[in-house]
Amino acid sequence: EDGHQLWLRPHASVPVKVVGPAKSSALLATARQELQQGWQGTAGATVTLKLTKDKAIKYDGFRLNAQGVQANTERGLLYGAFGLLRRQQTGQAVAEEISNPSYEYRLLNHWDNPDGSVERGYAGQSIFWRKDSSFVVTGHDRALWQQYARANASVGLNGAVINNVNSSPLMLSAAYLARTKAIAGALRPYGVRVYLAVKFSSPALLGGLKTSDPLDPAVIKWWHAKVKEVYQQIPDFGGFVVKASSEGQPGPQDYGRTHADGANLLADALRPYGGLVMWRAFVYSPSDKDRAKQAYNEFVPLDGKFLDNVIIQVKNGPIDFQPREPFSPLFGALKKTAVMPEFQITQEYLGQAIDLVFLAPMWQECLRSDTHQAGPGSTVARCTDGSVYAQKHSAMAGVSNVGLDTNWTGHDFAQANWYAFGRLAWNNQLDSRQIADEWLKLTFGTAAQLAAADWDAHFLAPMTQLLLASREAAVNYSMPLGLHHIMSATHGHYGPGPWWGPPGMRADWTPPYYHQAAANGVGFDRTTAGSNAVSQYHEPLAAEFNNPATCPDEYLLWFHHLPWDFKMKSGRTLWDELALHYDHGVRQVRQFQQTWDAARPYVDAERFAVVQNKLRTQSGNAVLWKDACLLYFQQFSHLPIPAEVEPPMHTLEGVIANDAPPLRRPAGQP
Ligand code: BDP
């Protein structure tokens, strides 16, 4: 059991007769095949796939009933087939129901580079690109892409951006477009469209033009011709994702133009073909006093200036995929522009492929946050799915954790995050508990186990608890009470680094900028007396966040700089509370180890051993975080670590020495 089958493990199926529309297509063939190889219902039953024009069905949604699946699109029939099978495999009754996706476009973003490496990838090299790229597409490539597409389709994902947002202009060259076309061909039968991340300066870098100024006629002509070339190769191409004027990437601002000028140039070229522009709002410059405010400041004045096939892609929080951030204030604030959430499935800041962290609760927290922008109930989910503001298109993106590793995601349990992302993009109201329950059943449960009396009590229930608690545990042992961005960059964002900051490094890339620890306290003052980032939130949130007495503990040090002896809602001091949170995180991971050990009889030996080992490393990581952060902050607080807290097993000097960049010795020397 190497995990390669994901949540789609083969089940002993019974015969079924699938009756479909007269016309044949690759998508319909896929739907039929899935039903035939996975059917668990009545043996010999007839399932009808029917294309309809049903107003109650939205986008690629479907209607299920005893007769089969009805949908307005072929994709809908495929999703209905998978929906039916999932209900059978997880023991849910199939009742008459309509299932509509919350978002029209549900995409993975792959941060894959043309040389086959994956930025922030922890599961091996890219499944799409290879360093040796002779551009030969092998049978193995195609098979893998198809398995990948099938997994996406099974959870309703319908798009894949197959290269890094830190994009290479090469992606739009003929050789790369040819491979992109081959990838598109493998994904198409599963309803997954390909998209590309493009570099804004491609006209100059690839096209040899003197400029990439979005208002320059030659540049406009170049993009129109390029887009035409792309659609000649890939008629159902999805569109472009752009990271512009951010972290060294070129953008319209290099030419004195706005994000709207840049996005609209591309949108205009894509529009005749039905293509989209997903323009990222992850922008910040080294100069500003509070990085958390920058995206809002840049984009709110442009509201209404974007063409209707532009969607602004906004990370869940205002900084950068931290273990916990309040929602980005752009959600709900852009009222005349389509906005889509971007989540990070790959666990850059949440333990990578080592720590077991189920991210559905984190995404649910963001989606359910009430922005109040159009009155109470204007949640992030509703502000982005078209319920609150009329927007032509809606979408959600997740930065993928997939690589060439046999189990796809590095950690067997990281598969759950891929699964969860797809399920939430389909239904942004879905509860994390249900997602955990489904995934565990599909990934670990055999038919016999699902039927056995002890499986629920001894495996499913404790493991569901573990999954649901795992994200809060990670917050507790790494960045509790609103702390953020205090990881070390020495080891690629894994592990603590509140001290981190090589000489000359820009301040907003270093932890001390974010935690502001000093003798007088800790935390980033974003109140009206500080950076005033609170004012970017709609009332009553601005007032609630602004006051430490009403600000939720989860966001306390995000919005406030408070003295070490600040009295918390619990009655304890801030220092004690911080120490207890770190300690609690460590204890939670130890509990996870015990839960997993007790699950041994219900898990195959292979996956059991791998996960057990990873939990051991995670446990050590949690202790390291706790010790490092408490000892580091203690230098400023000068307060004793509370007696209930496990005493540090590291020294601060030791941890910092270990965080130094690896020694580089000349080759051939010891
Ligand atoms: C940061 C990552 C960086 C990405 C960036 C982005 O560290 O590798 O390029 O996000 O989203 O979190 O553009």
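Okay, let's start with the barrel: eight strands close up in the order 6-7-8-9-10-11-12-13, and the pairing is parallel. From one strand to the next, the twist averages 25 degrees. One thing to keep in mind throughout is that this is a predicted model.

If strand pairing is new to you, strands of a sheet pair through backbone hydrogen bonds, either parallel or antiparallel. Take strand 11, residues 310–315, and strand 12, residues 338–344: they pair in the parallel sense over five bridges. Within that pair, Val 314 has Pro 341 of strand 12 as its bridge partner.

Now, which strands does helix 4 touch? Helix 4, residues 174–187, packs on the sheet and touches strand 7 (159–161) and strand 8 (193–197). Its direction makes about 145 degrees with that of strand 8.

Let's stay with those two strands. Strands 7 and 8 run parallel and are joined by three bridges, and Ala 160 stands opposite Val 194 in strand 8. So is strand 8 buried or exposed? Five of its five residues are buried, so the strand is largely enclosed by the rest of the structure. Both faces are covered, with Arg 193, Tyr 195 and Ala 197 on one side, and Val 194 and Leu 196 on the other.

Next up, helix 3, residues 139–154. It has 16 residues and reaches 22 Å from its first C-alpha to its last, close to the 22 Å expected at 1.5 Å a residue. Its buried residues include Trp 145, Tyr 148 and Arg 150. And what do the buried residues of helix 3 pack against? The partners are helix 2 (74–89), strand 6 (105–109), strand 7, helix 4 and helix 11 (415–426). Just after helix 3, look for Gly 156, which takes a positive phi of about 90 degrees.

On to the ligand. Around it you'll find Glu 119, Arg 120, Val 165, Asn 166, Lys 243, Phe 282, Asp 320, Phe 321 and Glu 348. Sorted by class, that shell has three nonpolar, one polar and five charged residues.

Last stop: Gly 585, in helix 18, residues 574–598. Why does Gly 585 count as buried? Because it has 22 C-beta neighbours inside 10 Å, and the cut-off for buried is 20 or more. Leaving out residues up to four places away in sequence, Gly 585 touches Ala 473, Asn 476, Tyr 477, Ala 622 and Lys 626. As for Leu 356, that residue is 229 residues from Gly 585 in sequence and 13 Å from it in space, C-alpha to C-alpha.

Notes: Residues are numbered from 1 along each chain as its sequence is written. This is a predicted model: local features need pLDDT of at least 70, side-chain atom pairs count only at pLDDT 80 or more; totals for chains, interfaces and linings use all residues. Two strands pair if DSSP finds at least two bridges between them. Helices (H or I, at least four residues) and strands (E, at least two) are DSSP runs, numbered from the N terminus. Axes are lines fitted to C-alpha atoms, for helices over the stretch in contact, and angles run from 0 to 180 degrees between N-to-C directions. Two residues are in contact if their C-beta atoms, placed from the backbone, lie within 7 Å. The expected span of a helix is 1.5 Å times one less than its number of residues. A residue is buried if 20 or more other C-beta atoms lie within 10 Å of its own, exposed if 12 or fewer, and partly exposed in between; C-beta atoms are placed from the backbone. A residue is near a molecule or strand if its C-beta atom, placed from the backbone, lies within 6 Å of it. Ala, Val, Leu, Ile, Met, Phe, Trp, Tyr, Cys and Pro count as nonpolar, Asp, Glu, Lys and Arg as charged, and the others, Gly among them, as polar.
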